[in-house]
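Please read these notes with the sequence and the model open beside you, and follow each point on the structure as you go.

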2 protein chains.
Amino acid sequence: MNVALEPTDRTRIRRGRNRAVPDRAALLALLADGLVAHLGVTVGDHPVVLPTAYAVDPGGPDEGGTLYVHGSVAATWLRSSEGATVCVTVTELDGLVAGRSAFHHSMNYRSAVVIGRARLVDDADEHRHALDLIVDHMIPGRAATLRPSSRKELAATAVLAVPLHEASMKARAGGPVDEPEDVVAGVWGGHLPVCRVVDDAVPASDNLPGLSVPADVAARTRWRTPPTARGPAPAASPSPG
Amino acid sequence: MNVALEPTDRTRIRRGRNRAVPDRAALLALLADGLVAHLGVTVGDHPVVLPTAYAVDPGGPDEGGTLYVHGSVAATWLRSSEGATVCVTVTELDGLVAGRSAFHHSMNYRSAVVIGRARLVDDADEHRHALDLIVDHMIPGRAATLRPSSRKELAATAVLAVPLHEASMKARAGGPVDEPEDVVAGVWGGHLPVCRVVDDAVPASDNLPGLSVPADVAARTRWRTPPTARGPAPAASPSPG
């Protein structure tokens, strides 16, 4: 699947071309790291942007693979999206860049913008598979430990599929790039790495006595994205089962 | 400024009304915690969602206060936004919720959705003020330590203002809410707190010898959002100056 992305006019990076990453492996790595997507849909005459859980099936049925988001069947945004062109953006903030001038302040980040026609998943097998992927995206391996979803639960949950064909990615890393006169003037420049940390599991107050934290949940704790100079991340994504 | 939000039909939470937070103080607290906004604009016939730095002026000139985003004057999205209705969404992920079933998996989060007509800032004083706010939003107190932006730098940077009048907020916290039969079946449930951590400053490789990390930058390190059981956050936002 490590083919180059094929941006169209609407995903081609217009500004900051040096930050475009025409690399499907980097796109999939970012989508694996992220936990929240921001879905843009048109509602009436204006865009609405909503945070949502998501998952990716690189070998999914859509061209370039499939990105799945889910929601209640009663959600307005979901009904607005079916068959429409939507935008799904996943951003990981990696740092704050303290330049020697306001103008050269920046952020380190990785961001993917996927634009495509949203398809409502109506195949029962794809529906179940997508929901399992979304659970495993949060906690790898968890879906296989749970009972199958009931017919009622499946009926209450809609899944939208967006092709990963039309996507672009931008990234920035490292310290500031400043005006030479500000550097020689002795202004301090640098950057502050920012990461996301998953803390120890908090058991539900109504757990039966004696239950221990399952292996898949335990493996997700102390997950650190991205790893920084203060220490590498533990293994992030054990295989299910 | 702690007045209730006044959602209109387009920001009123339709799904999950129990998660709506009609409270301006909570909205401003989230916007203070967040570092990246996702801006939705209509480009051609579809929405595009882009990550962007931002800042808030609760006493800004727009109804309900002003949210500022900035970009290159040459950016397509910025030209597409002027005078148009845009959506700015800020989301903080606070946890992963491991329910006893796939259906009850969820995320803990705080998210604000602001919808409004974007105004291109053309007043010179407001322009400078907004850019200072955006720098200070990243590193509180930093703007006052920097030289004034040059005329050329200001001319290269456009600022969009969005009123904070029409906004809604949703939040989820705590453990899973499961089916009683899954609880008594002995399935483990719980949640994994997720936080954002700012690490120690990395000085630029071209800093002059002997420069030490400025107080405003040092104060930003070890910032942890939200604070969790593993330890409270240090003071996050010292006042400028």
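Which residue in strand 10 of chain B is the bridge partner of A:V202? The points below give the answer after a few words on how the model is to be read.

1. This is a predicted model, in which local features need pLDDT of at least 70 and side-chain atom pairs count only at pLDDT 80 or more, whereas totals for chains, interfaces and linings use all residues. Residues are numbered from 1 along each chain as its sequence is written, chains are lettered from A and ligands numbered from 1 in the order in which they are written, and side-chain values use heavy atoms, with hydrogens and water left out.

2. The partner of A:V202 is B:H191, in strand 10 of chain B. This pairing belongs to a place where two bridges join strand 11 (residues 202-203) of chain A to strand 10 (residues 190-198) of chain B, the two strands running antiparallel. Strands here are DSSP runs of E with at least two residues, and helices are runs of H or I with at least four, both numbered from the N terminus; two strands pair if DSSP finds at least two bridges between them.

3. Chain A and chain B each give 88 residues to the contact between them, where contact means heavy atoms within 4.5 Å. Together the two chains bury about 7,500 Å², 66% of it on carbon and sulfur atoms; buried area is the accessible area (1.4 Å probe) that two parts lose on being put together, summed over both.

4. Six salt bridges are counted between chain A and chain B, a salt bridge being a side-chain nitrogen of Lys or Arg within 4 Å of a carboxyl oxygen of Asp or Glu. One of them joins the side chains of A:R224 and B:D199, at 2.6 Å from N to O. On the side of chain A that touches chain B, the largest share, nine residues, comes from strand 10 (residues 190-198) of chain A.

5. Within chain A, the secondary structure comes to six helices and twelve strands. Of its 241 residues, 55% count as buried, that is, under 20% relative accessible area, with exposed meaning over 50% and partly exposed in between (1.4 Å probe, protein chains only).

6. Is strand 8 (residues 157-163) of chain A mostly covered or mostly uncovered? Seven of its seven residues are buried, and the strand is mostly covered. In a regular strand the side chains alternate between the two faces of the sheet. Here A:T157, A:V159, A:A161 and A:P163 point one way, while A:A158, A:L160 and A:V162 point the other way, and all are buried.

7. Strand 8 of chain A has antiparallel neighbours: seven bridges join it to strand 4 (residues 66-72) of chain A, and two bridges join it to strand 7 (residues 119-120) of chain A. The residue A:A161 stands opposite A:Y68 and also opposite A:R119.

8. In chain B, an open sheet of four strands has the order 3-4-8-7, with antiparallel pairing. Strand 3 (54-57) and strand 7 (119-120) of chain B stand at the edges, each with a single partner strand, so one side of each has no neighbour in the sheet. Seven bridges join strand 4 of chain B to strand 8 (residues 157-163) of chain B, and B:V69 has B:L160 as its bridge partner there.

9. B:A74 lies in the loop between strand 4 (66-72) and helix 2 (76-81) of chain B. Why does B:A74 count as partly exposed? Its relative accessibility is 32%, and therefore B:A74 falls in that class. B:A74 and B:T157 are 83 residues apart in sequence and 8.8 Å apart in space, C-alpha to C-alpha.
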